[in-house]
Amino acid sequence: AGLRPGSLLVDMTTSTPSLAVQIAERAGTAGVLALDAPVSGGDVGAEAGTLSIMCGGSEEAVARATPLFERMGKSISHMGGPGA
């Protein structure tokens, strides 16, 4: 709720692939792009901007999120579709 069509939802929690797929499907019905992007690197990596970010979602969603991710991490990998 509250996201307008064309918005980008980024879930950076560590959850199950099936939940990532459910989020992407529900977002898609509202015209919202969804990206699951769990990270590795802990507090130290977050503070230093050196996280590893693993993305699952469409190429378009990854491209839109990349400028933000580049500020947060050193390694950004598109692993495939939602939940990949």
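Visitor: Is Gly45 buried or exposed?

Guide: This is a predicted model. A residue counts as buried when its relative accessible area is under 20%. Gly45 has 4% relative accessibility, so Gly45 is buried.

Visitor: Which residues is Gly45 in contact with, leaving aside its neighbours within four places in sequence?

Guide: Contact here means heavy atoms within 4.5 Å. By that test, Gly45 is in contact with Thr50, Leu51 and Met72.

Visitor: How far apart in space are Gly45 and Leu35?

Guide: Take the C-alpha atoms. They lie 21 Å apart, and in sequence the two residues are 10 apart.

Visitor: Let me step back. How many helices and strands are there in the protein chain?

Guide: Three helices and five strands. Read from the N terminus, their order is β-α-β-β-α-β-α-β.

Visitor: Which residues make up the largest nonpolar core?

Guide: The general idea first. In soluble globular proteins, nonpolar side chains tend to be buried together. Here the largest nonpolar core has 10 residues: Leu33, Leu35, Ala37, Leu51, Ile53, Cys55, Ala61, Val62, Ala65 and Phe69.

Visitor: Which elements each supply at least two residues of this core?

Guide: Three elements do: strand E2 (33–36), strand E4 (51–57) and helix H3 (59–72). H3 gives the most, with four residues.

Visitor: Pick one core member. What does Ala37 touch?

Guide: Set aside residues up to four places away in sequence. Ala37 then touches Val10, Asp11, Met12, Ile53, Met54, Cys55 and Phe69. Of these, Ile53, Cys55 and Phe69 also belong to the largest nonpolar core.

Visitor: What share of the residues in the protein chain is buried?

Guide: Buried residues make up 30% of the 84.

Visitor: And what share of contacts comes from residues 24 or more positions apart?

Guide: Count contacts with a separation of 6 or more. Residues 24 or more positions apart account for 53% of them in the protein chain.

Visitor: What does the radius of gyration say about the protein chain?

Guide: Compare it with the value for a compact globule. With 84 residues, that would be near 12 Å; the protein chain has 12 Å, so the two agree. Along the principal axes, the C-alpha atoms fill a box of roughly 35 × 25 × 20 Å.

Visitor: Last, the surface and the charges. How many positive and negative side chains are there?

Guide: There are 5 positive and 8 negative, and the centres of the two sets lie 9 Å apart. The accessible surface comes to about 5,100 Å², and carbon and sulfur atoms hold 55% of it.

Technical notes:
Residues numbered from 1 in each chain as written. Predicted model: local features only at pLDDT ≥ 70, side-chain atom pairs only at ≥ 80, totals over all residues. Heavy atoms only, no water. Rg over C-alpha atoms; globule rule 2.2 N^0.38 Å. Buried < 20%, exposed > 50% of the residue type's maximum accessible area, 1.4 Å probe, protein only. Areas by Shrake-Rupley, 256 points an atom, 1.4 Å probe, with all protein chains shown as cover. Lys, Arg positive; Asp, Glu negative; His and termini not counted. Charge placed at Lys NZ, Arg CZ, Asp CG, Glu CD. Core = buried A, V, L, I, M, F, W, Y, C linked by side-chain atoms within 4.5 Å.
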